[in-house]
Amino acid sequence: QSGSPTSSGNITQPDRVSCLIWEGSECKKVDLTALDIGWAIIDKVDGLPESSDYFVIGLLFSFVISLVPLVFRAYVSKDAANIEDLLSWSGLLTRCLDLPSLIKSSYTWRQYLVMVNGILQRFFLSLIFFFLLSVADRTFKQRLHYAKHFSYLTSSRRARKFSMPHFRLNKVRNIKIWLSLRSYLKRRGPQRSVDVIVSACFLCAVCAVCLISLQMLKDTSSYLDYLCNWELLVWCTALAVFLMRFMTVGLKINKKYRNLSVLITEQINLYLQMEQKPHKKEELLLANNVLRLAEDLLKELESPFKISGFSANPLIYNIMRVVVLSAFSAVLTEVLGFKLKLHKIKLKG
């Protein structure tokens, strides 16, 4: 039985790293695997309070979108005598408040029922869309918390403050576990579904911007005389709010995982240890070479533009960038009076 490949002597044990953990004022030294450290981070993040700010924002935008036809009807029913009142927020609000009595006197109950049905359908359909965006926002915030707690591992002060394990990257085994843990946390949670949601939001925003630019090129003075233009403005504003949120959080996540200063600091610490411990120079020099390779690999693979979905694809990212810049260049050409081609400008990250 001793020669059996399933015997306990031939089973490969998972790599362990010596970590420091704090329990109150006491400091203990334990051996943990990458999975143990990963679950410690996951449990810590799951215990954090969750906010529903962007769900409330989506609910507010759904309410506004459902009332867009009523506000548009109040706008187009303006008279020449009170046109100045509609140019102010107070006058437009007064007209909107008078709208229910106007509708009650102008429409039958069947028409009123159809109108209420249309408002409810618009509200709930847009609410479903914004609910998906709020789910994606929650996933992005969870990824950001994973990235933050991952960055605490190599800092003794922050690891003690947030009750996280702490270890240094002074051995090849520690660097291997650090890279494995980084890859595991980046892939944690829903990936493809969230990427599809963010990509759909991005494409809808691009289409809305292009349509708004085309409509403004046709006739700027009569732009607000069409309901579809009101719809485009509201949807473009709502999508811009969520896209800015995704881009901001995505940039923070990338910065946390691309924090190359950690690797540089560990290389300096290794050089200092070589002077203090010359008998371990070969081992420390090997770890230093691995750190250099890891730094070069992160610089090569990771892209600062990578957020999610189509924006992570360089080809489609450049196509969308040219489309958006071309639309803006056409609008600026019309406004400024001279030809301007923004898509010729090369943007470097």
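The secondary structure of this protein comes to 13 helices and two strands, where helices (H or I, at least four residues) and strands (E, at least two) are DSSP runs numbered from the N terminus. The model is predicted: local features need pLDDT of at least 70, side-chain atom pairs count only at pLDDT 80 or more, and totals for chains, interfaces and linings use all residues. Residues are numbered from 1 along each chain as its sequence is written, and side-chain values use heavy atoms, with hydrogens and water left out.

Of the 349 residues, 34% count as buried (under 20% relative accessible area, against over 50% for exposed and partly exposed in between; 1.4 Å probe, protein chains only).

The two strands, E1 (residues 16-23) and E2 (residues 26-33), run antiparallel and are joined by eight bridges; strands pair if DSSP finds at least two bridges between them. Leu-20 has Lys-29 in E2 as its bridge partner. Two residues lie between the strands of this hairpin, in which Gly-24 takes a positive phi near 75°.

On the surface, Phe-55, Val-56, Leu-125, Ile-128, Phe-131, Leu-132 and Val-135 form a nonpolar patch. Helices H2 (53-66) and H6 (109-151) each supply at least two of the patch residues, and H6 gives the largest share, five. Ile-128 lies in H6 and counts as exposed because its relative accessibility is 51%.

Terms used. Patch = residues over 30% accessible without salt bridge, like charges linked within 9 Å, V, L, I, M, F, W, Y side chains within 5 Å. Areas by Shrake-Rupley, 256 points an atom, 1.4 Å probe, with all protein chains shown as cover. Salt bridge = Lys/Arg side-chain N within 4 Å of Asp/Glu carboxyl O.
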